[in-house]
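I put down each look-up with its criterion beside it.

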Amino acid sequence: MDQKKNKTFVPLLMNLLKSKKGWFLLSTVIIFVTTLLIPYILKVDQEFFIIFGIVELFILVFLNCLIDNNFLHNESKLAYYKSKPVSIGEQMTVNIATNAIFTVFLLVLILLSVVFQGLEIEILDIFKIIVPWLAAGILLASLSSILAGNTMMAGAMTIFNFCLPLIIYLIINFVFTILEGMVAGFSAKVLMEYFVNRFYRIDYIYFVTYTDNPMDYVYFLLLGVILIGITLLIFRFLKRRKNENTGNFIVFDGYKYFVSVLASLILPAFYVVSSSNSNIAGKILVSVLMAMLSYYIIVAVMEKSFRISRLSLKVAAASMAAFVVLTGATVAFAGQYKDFVPDPAHVKMAYVGNNSWVFDFMDELDDDTFNSRDEFLKWQKERGLVLFTEKETIEDITQLHRELISNRYYKYEYYYLSNMVISYMMDDGSIIVRDYKVSSEGEQPQNDNKNELAYEILSSSEMIRNKYYYLFDEENYNSSTVSCFVNRYGNDGTIVNNVNFDEVRPYLIKDIENRHRSVLEKDRAFENLGIYYYDFAYEKEYSGEYYLQITDTRITGENVNNSIDNLNLAGFKNTLNYLGLE
């Protein structure tokens, strides 16, 4: 039997390839005209047209896959192919092989176009992504053609199946967004980052992680698993295909309802995830109505009838119940930790501010960086963070955390404050992140407690030592690596160069201490705490003419254009007098 298959496979493959001579010729003309001739005539960016050629490649492969498999969607054609001395499974295998060869041919054309134009070969790094996409796409087109009874629907299902991991990602985000609205302190953004980084590695599923990283064994292992998995599904569904349903949109009822349920969640998920409306009850009600309406329309189209069958209603009810149970369980689980505040004794470091991405930053911090003061300072400066390690400051942060749990309302006056993020890295390496939505409307705002606790944090010696480490960190002070010069606002030139930092340092310390005391008032402290790198208070109060640009080679390397700080010298009387600018 195997020998018979081997004898028929090659002639079928060669015959199908010969029948595609027109496609090969047309594709060659299209690729070379768009990637070589047009950019040569226009004298424009060649790389753009290479990318455009890759898009054309996807379209040509997609169309060929649908055309080769359209015999599954026509009763007379299907009967003809079933009458051949080869099985439909072998015919599908030949089609897949033909489209794989056609795809390789198109990729070679793109490669030749790059070589002919003398472009940097690095542009072909994108092949690390598009080759898996094309390989999976060819198989998905065959699988979708088996599942669908209509060629147009097969095309739509190919796109749907390719995007299935993204649809699941969106639905998970949907659940987390509902959780965010129902349990204070939990952020859908943070939860999604954690879930994606630890479990649902969608960057690996779509191979986008290899855009900047070299291929490794995981790349080939993952590609093999995906391709083998789709292949097994192809032959499993091919055996169970209901050919009497040829002509229907979907041949399998189970797959039809699977598509209908997931597709009906896309629109409400987009609405809930993207809406800025804080009324979570209203958003849930609207999303339920949208899901029900979407499901009705999708099923009506699939069944070609406005009368919904009882089975469709049962599937809708079961799916809705499953979604409610899943979401409810997620909310109930998170609700257990709603009021949790860690013991400062077990906190390694803490953050408070408005940076919602602090989880990513803290998660990548290793012990070597943390234990080296220079590296730790560099790490913080590069990310615009101030992390607190002293137990006294951490205790103040936990007190502010408890205040936000009890009351998230704050009457802001100078600056729109939308959220406050509090994050802890524990001694065991685990990370706790809470993101509280701050509102000026609703319950009675509790400004005094929040301002007082925020003032304690901002005025702490650790805050000043971290933010202005190049002045106040005595153990780490090194004037040989620090340099500074004065710029004038609106002027590209340097006003004062070669400033001796050892000499200007005591004047800067005195001025910063004075300004810190004069500007940092308790009635604005909570607002100041919520500003990126805590600079709002100073910029709000002062608008000076001169700026002192400070560079530290320990942080920036030898590039003196990358400053670690750009101090507004307004109100710096002692420093301005020393520089002769008063």
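Which residues does S287 touch, not counting residues up to four places away in sequence? With contact taken as heavy atoms within 4.5 Å, I find that S287 touches F174, P268 and V272. Before going on I note that this is a predicted model, in which local features need pLDDT of at least 70 and side-chain atom pairs count only at pLDDT 80 or more, while totals for chains, interfaces and linings use all residues. Residues are numbered from 1 along each chain as its sequence is written, and side-chain values use heavy atoms, with hydrogens and water left out.

**Entry: S287**

I placed S287 in helix α13, where helices are DSSP runs of H or I with at least four residues, strands are runs of E with at least two, and both are numbered from the N terminus. S287 is buried, at a relative accessible area of 4%; I use buried for under 20%, exposed for over 50% and partly exposed for what lies in between, with a 1.4 Å probe and protein chains only. A polar atom of the S287 side chain lies 2.7 Å from the backbone oxygen of I284.

**Entry: H73**

I then went to H73, which sits in the loop between α3 (46-68) and α4 (75-82) and counts as buried at 12% relative accessibility. A polar atom of its side chain is 3.2 Å from the backbone oxygen of A148. I read this as a polar contact, that is, a pair of N or O atoms within 3.5 Å in which, within protein, one must be able to donate a hydrogen and the other to accept it, residues adjacent in sequence counting only if both atoms are side-chain atoms. Leaving out residues up to four places away in sequence, H73 touches S145, A148, G149, N150, T151, A154, R241 and T246.

**Entry: salt bridges**

Side chains of opposite charge can pair when their charged atoms come close. My rule asks for a side-chain nitrogen of Lys or Arg within 4 Å of a carboxyl oxygen of Asp or Glu, and by this rule the count comes to six salt bridges.

In one of them D203 pairs with R201, the closest N and O atoms being 2.9 Å apart, and R201 is partly exposed at 30% relative accessibility.

In another, K256 pairs with E303 at 3.5 Å between the closest N and O atoms. This pair links distant parts of the chain, with K256 in helix α12 (residues 253-274) and E303 in helix α13 (residues 280-303), 47 residues apart. K256 counts as buried at 10% relative accessibility, whereas E303 is partly exposed at 22%. I also recorded that D253, K256 and E303 are linked in a network of salt bridges.

The side chains of E403 and K450 meet in a salt bridge as well, at 3.3 Å from N to O. E403 lies in helix α18 (residues 391-406) and K450 in helix α19 (residues 447-458), so the pair ties together parts that are 47 residues apart in sequence. Both E403 and K450 are buried.

**Entry: nonpolar cores**

I took a nonpolar core to be a set of buried Ala, Val, Leu, Ile, Met, Phe, Trp, Tyr and Cys residues joined through side-chain atoms within 4.5 Å. Of the 68 residues in the largest nonpolar core, V61, L106, F160 and Y255 touch the most other members. Neighbours within four places in sequence aside, Y255 is in contact with L147, M157, F160, N161 and I250. Apart from this core lies another, of 28 residues, including L471, L548, L567 and F572.

**Entry: L238**

L238 belongs to helix α11 (residues 217-240) and is buried at a relative accessible area of 15%. With neighbours within four places in sequence left aside, its contacts are I88, G89, M92 and I146.

**Entry: positive phi**

Which phi value does F207 have? I read a phi near 65 degrees, a positive value in a residue other than glycine; F207 is in the loop between α10 (202-205) and α11 and is buried at 2% relative accessibility. K304, also not a glycine, has a positive phi of about 55 degrees. K304 lies in the loop between α13 and α14 (310-335) and is exposed, with a relative accessible area of 53%.
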